Amino acid sequence: MKKEKILIADDSEMNRSILDDMLSDNYEIIEAEDGVQAVAALKQYGSELSLLLLDIVMPRMDGFGVLEAMNQNGWIKSVPVIIISSENTSTHVERAYELGATDFIARPFDTLIVRRRVVNTLLLYAKQKRLINMVEDQVYEKECQSDLMIDILAHVMEFRNGESGMHILHVRTLTDLLLSCIMAKTTKYDLTMADISIISTASALHDIGKMVIDEKVLNKPGRLTTEEFEVMKTHTVLGAEMISDLLMYMQEPLVKVAYEICRWHHERYDGKGYPDGLIGDEIPISAQVVSLADVYDALTSERVYKPKFSHEEAVNMIINGECGAFNPLLLECLNENVELFRDMFENDSPEDLKRHKLRRISEEALRGEGGCVSHRTLRLLDRERVRNNFYASMTEAVQFEFVTSPPMLTLSAYGAKKLGIDEIIMDPRHDPKASALMSEQTWERLFRSIAQTTPEKPEVRLDCQLHYGDSERWSKLVMRSMWTDDVEPKIEGVLGTVTDINDSHMKMLELEKKAAHDSMTGLLNRESAKEQIELLIHNNPGSNYAMVFFDVDFFKKANDIYGHAFGDEVLKHVAKCLTESIRGTDISCRAGGDEFLVFLEYNTEIEKTVERIFNVICGDFNGFSISVSMGIALSRDIGASYDDLFHAADSAAYASKRAGKGRLVFYDDSMKNILETQNESVDGR
């Protein structure tokens with residue numbers, strides 16, 4: 001059996017020899033005499049190393065230098081570090097842990113302690129890797145569920161539009177490929193793999209506004225009249241309005257991108273498009289790419305008003321400017337990949353096209369883009385949860401997970417709100433709220449149906465009556481049973497797999513609890529903060545509340561001039577100042593990007609409290625001047641509703657920006673429509 005590799009970095013040959021004698025029977029030992037040699041060994045062996053035993057005081061480069069190099073190169077994510085040193089002051093220990101060390105053993109050390117700590121660390125990382133793999137499988141499963149929701153929505157739209165059922169899938173695939181190409185060509189648009197995933201997913205909604213266009217206009221053979229064309233053009237604004245009506249999701253990246261695409265995918269690079277006549281890169285790159293993908297697929301597909309063109313003809317028409325004006329970089333990407341596009345759409349089935357997307361997601365996972373793997377995975381899970389809730393709200397479907405033992409029903413946030421029950425219900429057969437939703441007989445039918453599933457026939461479809469408030473509705477439940485890969489279920493389906501499914505689900509709940517906090521700043525994320533705020537308002541009616549919303553002025557400048565790592569430190573500093581300036585009972589969160597939110601219950605002098613928070617945050621940080629544009633909304637003025645307070649505080653923050661930034665502004669009625677005005681002038685579709 002191949003031994004795991006352990007790197008020992010210590011300038012004392014005696015210390016290295018002692019540790020070698022302790023561990024060489026079970027592990028392959030690699031030695032380094034100083035920090036420079038340790039870094040060279042980390043470069044050489046990389047992920048082959050299972051552990052680093054590291055001294056602090058060494059010549060040329062000390063242990064802290066090694067830890068800093070590991071952080072800079074991402075090695076700290078996969079190679080655990082145990083510090084073994086006589087430098088055991090609290091300052092040294094604290095700094096080692098801050099730089100990512102897993103454990104600290106002070107000299108002189110006991111053989112048994114060293115062996116036990118080494119074994120424990122290796123087991124911990126092995127379990128973490130298995131858990132990460134399990135969670136990534138769940139992410140991919142949720143990605144497929146997200147695709148299913150998109151396909152349902154796309155089918156509804158295309159059925160009415162009279163378009164090919166493949167149109168939206170083609171647009172998504174083309175968008176994905178074009179964005180990947182442009183990301184390889186330039187850093188101008190600062191795209192990440194996560195951005196590409198969000199944009200390609202949101203592209204499915206580009207024509208959602210057509211759902212309210214008269215079918216006589218929508219499916220008219222031949223050329224539209226001037227009046228009909230003006231009606232058709234309104235689908236961009238109508239689609240954007242449909243998206244903007246989803247107020248509770250408007251701060252989510254997916255929804256923001258969907259708004260951009262809906263409103264601006266008929267703009268032209270030369271400024272002659274509609275509805276707002278944006279020019280060049282005034283048009284978001286998301287809308288530019290979807291526009292080109294939409295035109296390309298429309299040309300290569302047969303429609304009621306036009307024949308089908310070949311892929312070569314379509315490319316020539318687009319490049320020659322016969323179908324609008326596009327970004328020259330995008331035209332290069334199209335021209336370079338035309339053979340790939342043609343082969344993909346002529347030969348691939350819908351399942352093949354979806355596999356292209358999943359392959360890209362796998363590549364993203366292998367690259368470990370952004371943060372450590374566990375943080376990235378939690379971020380993906382959070383993003384998929386938002387996606388599922390969003391598409392559920394668009395299709396008016398209720399999503400849920402059901403574990404058989406112990407019986408546990410987990411609803412999406414949208415589903416719980418629609419049905420009027422809690423998101424998580426233990427043993428729904430005996431919970432009064434769940435019993436009110438379905439009769440005991442229906443629950444028993446559901447249990448029996450699940451028990452009869454097998455890996456070969458995992459799906460269950462059940463027609464039943466559900467109670468919605470005071471009415472009853474016939475509904476269809478569509479479910480799919482799942483088993484862990486390492487358990488062979490008996491023919492009854494759930495027997496023999498109950499524990500593993502339940503353990504996996506409980507681990508998922510634990511991870512979701514961790515996902516309530518922003519991994520960078522340690523503050524709550526916006527969704528979790530909203531839940532706590534709404535609970536506080538519900539439990540304390542009649543109290544006075546203040547919602548404070550702000551973002552960091554000129555934050556892009558910090559990233560552009562000093563780099564993204566410095567920008568991250570700015571956000572951490574702001575979060576630290578924020579935490580130190582508020583009470584333990586106040587709720588604070590990172591709302592997204594450089595945006596932060598604070599929710600306070602107060603009795604008197606709220607103005608002084610907010611001013612103190614503002615002054616603590618503003619100041620110098622390593623040569624960068626931090627100021628914020630802060631908006632404050634008070635419940636005494638607009639009522640104690642989270643959505644109303646958030647909207648008002650956001651409006652006040654924008655008023656602060658318009659007034660010159662670096663100030664705090666309290667909301668008043670003059671700001672009521674300020675965000676709508678901002679959207680009209682900036683988004684322009």
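At what angle do helix α6 (residues 167-185) and helix α14 (residues 328-336) pack? The structure is a predicted model, in which local features need pLDDT of at least 70 and side-chain atom pairs count only at pLDDT 80 or more, whereas totals for chains, interfaces and linings use all residues. Residues are numbered from 1 along each chain as its sequence is written, and side-chain values use heavy atoms, without hydrogens and water.

**View 1. Packing of helices α6 and α14.** The two helices pack at about 115 degrees, their axes 9 Å apart; axes are lines fitted to C-alpha atoms over the stretch in contact, and angles run from 0 to 180 degrees between N-to-C directions. Leu178, Cys181, Ile182 and Lys185 of α6 meet Leu329, Leu330, Glu332, Cys333, Leu334 and Glu336 of α14, contact meaning heavy atoms within 4.5 Å.

**View 2. Packing of helices α2 and α3.** The axes of α2 (residues 35-45) and α3 (residues 63-73) come within 9 Å and cross at roughly 25 degrees. The helices are therefore roughly parallel, a term for angles under 35 degrees. Gly35, Ala38, Val39 and Leu42 of α2 make the contact with Val66, Ala69 and Met70 of α3.

**View 3. Strand β13 and its partners.** Five of the six residues of β13 (residues 587-592) are buried, that is, under 20% relative accessible area with a 1.4 Å probe, protein chains only. Two bridges join β13 to the parallel strand β11 (residues 524-525), with Arg590 as the bridge partner of Asn525. Five bridges join β13 to the antiparallel strand β14 (residues 595-602), where Leu597 is the bridge partner of Cys589. Strands pair if DSSP finds at least two bridges between them.

Notes:
Helix = DSSP H or I, 4+ residues; strand = E, 2+ residues; numbered from the N terminus. Parallel < 35°, antiparallel > 145°, perpendicular 65-115°, else oblique. Buried < 20%, exposed > 50% of the residue type's maximum accessible area, 1.4 Å probe, protein only.
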